[in-house]
Amino acid sequence: MHPETLALHHSDFKDKNAAAVVPPLYLSTTYERDENYELPQGYLYTRAGNPNRHQLEQALAALEGGSEAMAFASGQAATMTLLQCLKAGDHVLIPDDAYYGTPALLQELFLLWGLTFTKVDTTDLAAIKEAIRPETQLIWLETPSNPLLKVSDLTAVSKLAREHGLLSVCDNTWATPVLQRPLDLGCDVVMHSTTKYLGGHSDVLGGALVFKQKSEMSERARQIQTLGGAVPSPFDCWLVARGIKTLAVRIRQQSANAQRLAEFLENHAAIERVHYPGLTSHPGHKVAQRQMILSGGMLSVQVRGGKEEALAFVKKLNLFTVATSLGGVESLIEHRASTEGPDTLTPQNLLRVSVGLEHADDLMADLDQALAGM
């Protein structure tokens, strides 16, 4: 089935009590046993399982084409759970342009456990191959990347991973399964911050892992999910499942808006560079065309000048909210280097833009007036 149909019917729920069309919210933390001391519906305690979480996990697995999905309290909790499946002495490869929270987890938490990592340009297959060590267990991919929107070839990298007996994992938060399905392209695991496009309304925190096949690692991840307890509340699951129902129409419109804004900004004299895989000038454009249906709702722009000029531009905007995060219905903009801190490698003149559902003409007019005179 197409993503629109999958999103609606796999996030659906048949209410046997009141025949409600909208799924009910199950707030109970515990579940009654029957006269034989059995659990008739399979639920014992909400940390281990809940009808709302079960519904969400089924929808996530269907959308990504995986056999098993797990929902978490945040994207970072999902990432941390997968890393916890590894052991001391293991080595991980991550993109040199990964979301800053991923290397932060490795550096601040997992190095103390004996897990090591190397940053590598995952758009360069030769560089990945050279960085692989005997103790390497996992290649982490993020495409398009955050915040430079670099595009990695998922088919080629996952093939390389298989040849070396490594696990390939893709953070698919920016593309979503509507635009890109990494499991179909050869990856073993997909990670999501469901806070972003899947939730879609900037009102819920969540994360997810989707495994292509049930395996020893997926069983270990499920065990960590249950024992560690980094699970979303029933209401969080309900909100993400609700968001998934409109995911396809939202991300398609946001992608169309982003394409128009990227083309407009690329030709503006006050802009030094636009990072968006939908532009033919983007170095990963051809790869993106092969593995993505559309180019997504995110773009980054580098204003001519430095941090001062970038922030001056932001102050003039009226329709873009200055805030961290992405994937909601409203357009957001942020000075990414300021968010990432003093150790960031992000250019000081770069602004990350999450394009919303406003009319593209209105967004372009706002950008144009803010850039006037710069």
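How many nonpolar, polar and charged residues does the lining of the largest cavity have? I started my notes there, on a model that is predicted.

**Entry 1: the cavity**

I searched the whole structure for cavities of 30 Å³ or more and found one. The largest cavity holds about 30 Å³ of space. I listed its lining as Pro95, Asp96, Asp121, Thr122, Thr123, Glu142, Ser145, Lys150 and Ser152. By class, I counted one nonpolar, four polar and four charged residues in that lining.

I then turned to the largest pocket, which contains about 520 Å³ of space. It is lined by 21 residues, and I noted Tyr100, Pro103, Lys119, Asp343 and Thr344 as the closest to its centre. For the lining of the largest pocket I wrote down 10 nonpolar, four polar and seven charged residues.

Which helix and which strand each supply at least two residues of this lining? I found helix H4 (101–110) and strand E3 (116–120). H4 gives the largest share, four residues. I also checked the pocket lining against the domains: domain 1 (3–243) and domain 2 (249–371) each contribute at least three residues.

**Entry 2: helix H8**

I looked up H8, residues 216–228. The helix has 13 residues and spans 18 Å from its first C-alpha to its last, close to the 18 Å expected at 1.5 Å a residue. Which residues of H8 are buried? I listed Met217, Ser218, Ala221, Ile224 and Gln225. Viewed down the axis of H8, these buried residues fall within an arc of 120°, so they line one face of the helix. On the other side of H8, I noted Glu216, Glu219 and Leu227 as exposed.

An α-helix has 3.6 residues a turn, so residues three or four places apart point the same way.

**Entry 3: helix H14**

I repeated the check on H14, residues 360–371. This helix has 12 residues, and its first and last C-alpha atoms are 16 Å apart, close to the 16 Å expected at 1.5 Å a residue. I recorded Ala360, Leu363, Met364, Asp366, Leu367, Ala370 and Leu371 as the buried residues of H14. They cover an arc of only 160° around the axis, which puts them on the same side of H14.

**Entry 4: two residue pairs**

I looked up Lys307 in helix H12 (residues 307–315). Is Lys307 buried, partly exposed or exposed? Its relative accessibility is 40%, so Lys307 counts as partly exposed. I noted that Lys307 and Leu350 are 43 residues apart along the chain, with their C-alpha atoms separated by 7.9 Å.

Next I took Leu63, which lies in helix H2 (residues 51–64). Leu63 is buried because its relative accessible area is 3%, and buried means under 20%. Leu63 and Thr226 are 163 residues apart along the chain, and I read 23 Å between their C-alpha atoms.

**Entry 5: backbone checks**

Most residues other than glycine have a negative phi, and most peptide bonds are trans. I went through the exceptions in turn.

I found the peptide bond from Thr143 to Pro144 to be cis, with omega near -5°. Pro144 sits in the loop between strand E4 (136–142) and helix H6 (154–163). I noted another cis peptide bond between Asn146 and Pro147, with omega about 15°. Pro147 is also in the loop between E4 and H6.

I recorded a positive phi of about 65° for Tyr37, although Tyr37 is not a glycine. Where is Tyr37 placed? I located Tyr37 in the loop between helix H1 (3–9) and H2. With 60% relative accessibility, Tyr37 counts as exposed.

Ser325 is not a glycine, yet I read a positive phi of about 95° for it. I placed Ser325 in the loop between strand E10 (321–322) and strand E11 (332–335).

How values were computed: Residues numbered from 1 in each chain as written. Predicted model: local features only at pLDDT ≥ 70, side-chain atom pairs only at ≥ 80, totals over all residues. Heavy atoms only, no water. 1 Å grid on protein atoms, 1.4 Å probe; cavity = no way out; pocket = protein on both sides within 12 Å on 5 of 7 lines; lining within 4 Å. Points joined across faces, edges and corners; volume = space filled by probe spheres on them. Nonpolar A, V, L, I, M, F, W, Y, C, P; charged D, E, K, R; others polar. Domains from an automatic or database assignment. Expected span 1.5 Å × (residues − 1). Buried < 20%, exposed > 50% of the residue type's maximum accessible area, 1.4 Å probe, protein only. Arc of directions from axis to C-beta.
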